[in-house]
Amino acid sequence: EPFESPTSWLSRMALNQGVTVWEVLAYLKINIDGDDDLDIEFAVKVDEKVAQVCGLPLSSFSFMKHMFSQLRTIDANGSIFLLYYRKSARYRFCGRCLSEQQTSHLPVHWRFKAWRWCPLHNCLLNDRCPHCKSVLKMPKNLMDAGPQSKGVAYLSRCTTCDKSLTSKSRKTRFSERERSLKLIDHLLLSNGRAL
């Protein structure tokens, strides 16, 4: 998908091929140290050969490549601007966006700490699964995710409990008349988008 993060794409590709994310990387001949951020490193290392092996034009990776290459110039390892949970990439998400996607995926911007608000649905992004309260981490081998490691078929489902991330989604919506948020809160949400 055009704005998809690398770890989301790699997780979907691994599921499609019935292998692990690390096997996909080995097949693509991309070496990534376990301490490096997978989104940043993959986006920087993806090249014409990888695109050719995948049967995609290199332009398919242009947004992720641009975003993470630019991020590296101000935050080399992503520790300042990206979300993490125990050294894994973490994402916030909009349940309504996930329900409207033709192919469930995690966009790059859901990974940024400052991006806390969905401008399409005018709501706060969810930090955790609405059912089991676990965080959304990537990459994930979707074949052995979920309860009893039975697998999860879509990224619109929690990789811990396998329940839909689109159900019971946060209904916190904003309007100009609503006084629950202070002016500074509105500014921070807007600046998160601007980042």
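Select Leu 188 to begin: this residue is partly exposed, with a relative accessible area of 45% (buried means under 20%, exposed over 50%, partly exposed in between, with a 1.4 Å probe and protein chains only). The model is predicted, so local features need pLDDT of at least 70 and side-chain atom pairs count only at pLDDT 80 or more, while totals for chains, interfaces and linings use all residues. Residues are numbered from 1 along each chain as its sequence is written, and side-chain values use heavy atoms, leaving out hydrogens and water.

Leu 188 sits in helix H7 (helices are DSSP runs of at least four residues, H or I, and strands, E, of at least two, numbered from the N terminus).

Next, go to Ser 164, in the loop between strand E5 (136-138) and helix H7 (183-194). Ser 164 is buried, at 17% relative accessible area. Show side chains here: a polar contact of 2.6 Å links Ser 164 and Thr 166 (N or O atoms within 3.5 Å, one able to donate a hydrogen and the other to accept it; residues adjacent in sequence count only if both atoms are side-chain atoms). Beyond its neighbours within four places in sequence, Ser 164 is in contact (heavy atoms within 4.5 Å) with Pro 130, His 131, Ser 156 and Arg 157.

Finish at the open sheet, where three strands run in the order E1-E2-E5 with antiparallel pairing (at least two DSSP bridges between two strands). Strand E1 (84-85) and E5 are the edges, each pairing on one side only. Three bridges join E2 (residues 88-91) to E5. Select Tyr 91 to find Leu 136 of E5 opposite.
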